[in-house]
Every structure is written in structure tokens, then in C-alpha cells.
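Please read this briefing alongside the sequence and the structure.

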Amino acid sequence: MNQEEFIELFAEQFDETEIDEFSIDTAFRELEEWDSMVALMVIAMIDEEYNVKVSGDDIRNSTTIADLIAVVESKK
Amino acid sequence: MSKAYIKAISYYLPERVLSNEELVEQFPEWTVEKVAKKIGIANRHVAGKDEFTSDMAVKVSEKLFEEYSILPQEIDFVILCTQSPDYFLPTTACMVQDRLGIPTTAGALDFNQGCSGYVYGLAMAKGFISAGIAKNILLITSEVYSKHLHSTDKGNRTIFGDAASASIVSTDGFAAIGNFELGSDGSGFENLIVKNGAMKTPKSTSGDDMDDYLFMNGSGVFNFTIDAVPPLVESTLSKNELASVDDIDWVVFHQANSFMLNHLRKKIGIDQERFLMHMENCGNTVSSTIPIVLKEHIDSFKSGDKSLLAGFGVGYSWGGTVLTFK
């Protein structure tokens, strides 16, 4: 899985947070813009792009984008 | 076996409108407008303080009788779908029968379903028609979910609106009701629930327990729809001897929110032009969303057109059918 591409797709779910604020180590749930709506959009993006279903718990148990990538890869 | 048809549809929205602007005033720290834009809802209607499910059911039925010149005497069964009844007992439909002047020879019952409720109601009504139990059924959906919501629950107050619908299911009408695909998965019961207030867990005495109010696990319900809706569409098509969604002229899904619907639409591969929506000014009205969309687009349906209906949500519960317009 291409990490750069995932980070870009992840960043696209945000309206106000600039793309250069995202890296593999971003603690995304601490971002000011993060809320339950963005969480749903991330779930939808992962379903659409990777055909993988991540749960709300998967997201809550992830701290960084790297953690989330690991979840997606484990479910592929 | 008699064929069953939808003969009439009307809907009712309570007078009071809750706009995004008002929600922004109440939750200034929250990005209401951003969320509301994504979910495609600008306004929702809220039942009055003294307006309940039976009141809305009576109002919408009177509207239907007037609009289609139907007399209460013609009704021989009342089926009412609600999850916010006036009382535990009696059945709301009995009070509605009396208030509408429907003959006492008519049967009446409530059933408890949410987002799948209209499809389930059509299934039962068709069953009654086919079995010769009734000939002119008044099918009502009526919900005052607003009374289930806590005033600080910005998410659900943004999504849900109150509404009622009334349809006549009869031996004749404008849309033949096809075959059904119905399903349930109670393993998800806790993801959309009003936990307190019935027998098992009474309402708190303090009145500030959030379990007294509606709870929705948004990601849980969203993931359920991703799993359940594509196979629901497929099975509904095959039960109606249709090979693919391309054989369908129109698709009407339960109007959960436009973000979720667009995701499902793209996943299943339905063009936007055939995918009917109507929720911007009424929100997610639970069991009334499908009849509201049908009523709003009634002039688009030409003779021979087929429309797939799919309801899914709380329970979990789901159902689909196909209407063929005369």
C-alpha cells in the first residue's frame, strides 16, 4: 500500500486543515477539525479506495495515520 | 391472489421549523453548517409540545382523504408504524381509527419499525390484500423522534426531523407492489436505541441520564449499511426478476443523510439521475422518508416505470420491494 497516497486521501477529508500538516505520524484525532463526521468520511474513503471496512473502534484505537494504515493492511 | 397497489400517498410536516441557523446559535462552538452541508439537510420540522404521533397520524390521514376524495368509511384496516407512540398501550392505530371516523369493523394495529418501516408496512398491507383480509388499508407512518432527543445532542438534532405519511394500499391504484426482500440483525440493537423508559431499564429519576434519550453509534450504523444495502438491492432485484439496477427506472432509498446515500449509491453503481432524494428541508424522518420522496416525485413516474424501494436502519432491520407504475 502506498503510504503517500493514503495520507493524501486522508487529508482530502478535511476542509480546513492543510495537506502539509499531515504526515505518517500525525495524531489525527487531536486535530481541531476532527469530529464524528470526519470519522465517517474516513470510513467511507477507506471503503471506496481500499474496499476495506474499518470500524469506529478501529479508529478510536488508532493514534497516528500509521496506526490506521496498519489496520487497513491487516484487513486487506 | 389479488394484486396490491398503492392508491394514494400524502405526507405531513409539523409547522415548527428548526433551521441550521438556529442550530448554529445554539451550538456556536460546533461546525453545524459544515456538517449540515455534508449530510444535505438545511431544515427539519419539529412537532409541537402538545403534538404527538396520533395527532400527526390524524392530520396526515385527513389531508390524504381530502386530496384523493376518499371517505373514512372506505377504510377497512389501519396499520400504523411508529417508535414514538402516544402510550405503551393501547395501540395508537385504535385511537386514530376513532378520531378519523373509520368504521369499527376495521382492524387496527401499530408496529414498531424505524427506517425499514414503510417497506414492512407495504409488505403487511399486501399480505392482507392478497389473503382477502382487507381491501382498503390506511398505512400510516408517524414519528416524533424529536421527543426522543436530548436538547444538547447536536448531531441527532441536525439529522432527524418529525413527519407523518399516509398511504392507501388497495386492490387497485397507481403503483403495483412487487415482491419483497426483508431482513433483520438484532446483534446491532444497541447502536441505535432509546435504552431507558420501557420495562427493562426505567427512565432515570434525575432526568439527566443520556440513556433516557436516543443514542446512535454513527460509525456502527454506517458500517451496517455498507454491509447490508448492496445485497439488499441485489436480492430485491432478483426477487422481482430483474437482472441489474439498469433494469430499474428509479431508486428510492431511506433518506438517512445524503453523505451516506451518495456513498451507497456509488458503491452499488446507480446513476444520480435515477436516484431520488428529498431531505434538504425535512431531514431524516425515519419511516416517512420513502413515502415523502415518492410523493415529491410522483409526476416523474410514467406508465410502466419501475422504482426500487429500500429501507434500512434501526434494529437492525431492512426491506426492499419494487413498484411498477400503471
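The contact between the two chains takes eleven residues from chain A and 13 residues from chain B, where two residues are in contact if their C-beta atoms, placed from the backbone, lie within 7 Å. This is a predicted model, in which local features need pLDDT of at least 70 and side-chain atom pairs count only at pLDDT 80 or more, while totals for chains, interfaces and linings use all residues. Residues are numbered from 1 along each chain as its sequence is written, and chains are lettered from A and ligands numbered from 1 in the order in which they are written.

**Between the chains**

- On the side of chain A that touches chain B, helix 2 (residues 36–50) of chain A gives the most, with seven residues; helices (H or I, at least four residues) and strands (E, at least two) are DSSP runs, numbered from the N terminus.
- That side of chain A divides into five nonpolar, three polar and three charged residues, where Ala, Val, Leu, Ile, Met, Phe, Trp, Tyr, Cys and Pro count as nonpolar, Asp, Glu, Lys and Arg as charged, and the others, Gly among them, as polar.
- Helix 2 of chain A packs against helix 7 (residues 218–239) of chain B at an angle of about 25°, with their axes 10 Å apart; axes are lines fitted to C-alpha atoms, for helices over the stretch in contact, and angles run from 0 to 180 degrees between N-to-C directions.
- That angle makes helix 2 of chain A roughly parallel to helix 7 of chain B, since angles under 35 degrees count as roughly parallel, over 145 as roughly antiparallel, 65 to 115 as roughly perpendicular and the rest as oblique.
- In this pair, Ser36(A), Ala39(A), Leu40(A), Ile43(A) and Asp47(A) meet Gly218(B), Ser219(B), Phe222(B), Asn223(B) and Ile226(B).

**Helices within chain B**

- The axes of helix 3 (residues 53–67) and helix 4 (residues 92–100) of chain B come within 10 Å and cross at roughly 45°, which makes helix 3 of chain B oblique to helix 4 of chain B.
- Helix 3 of chain B brings Thr53(B), Ser54(B), Ala57(B), Val58(B) and Ser61(B) to this contact, where they meet Thr92(B), Met95(B), Val96(B), Arg99(B) and Leu100(B) of helix 4 of chain B, and the residues divide into five nonpolar, four polar and one charged.
- Ten of the 14 residues of helix 5 of chain B are buried, so this helix is largely enclosed by the rest of the structure; a residue is buried if 20 or more other C-beta atoms lie within 10 Å of its own, exposed if 12 or fewer, and partly exposed in between, with C-beta atoms placed from the backbone.
- Among the buried residues of helix 5 of chain B are Tyr118(B), Leu122(B) and Ile129(B).

**Backbone features**

- Most residues other than glycine have a negative phi, and most peptide bonds are trans.
- The peptide bond from Leu89(B) to Pro90(B) is cis, with omega near 5°, and Pro90(B) sits in the loop between strand 4 (77–81) and helix 4 of chain B.
- Asn51(A), which is not a glycine, has a positive phi of about 55°; Asn51(A) counts as exposed, with 10 C-beta neighbours inside 10 Å.
- Val286(B) has a positive phi near 60° and lies in the loop between strand 13 (275–276) and helix 9 (289–296) of chain B, where Val286(B) counts as buried, with 31 C-beta neighbours inside 10 Å.
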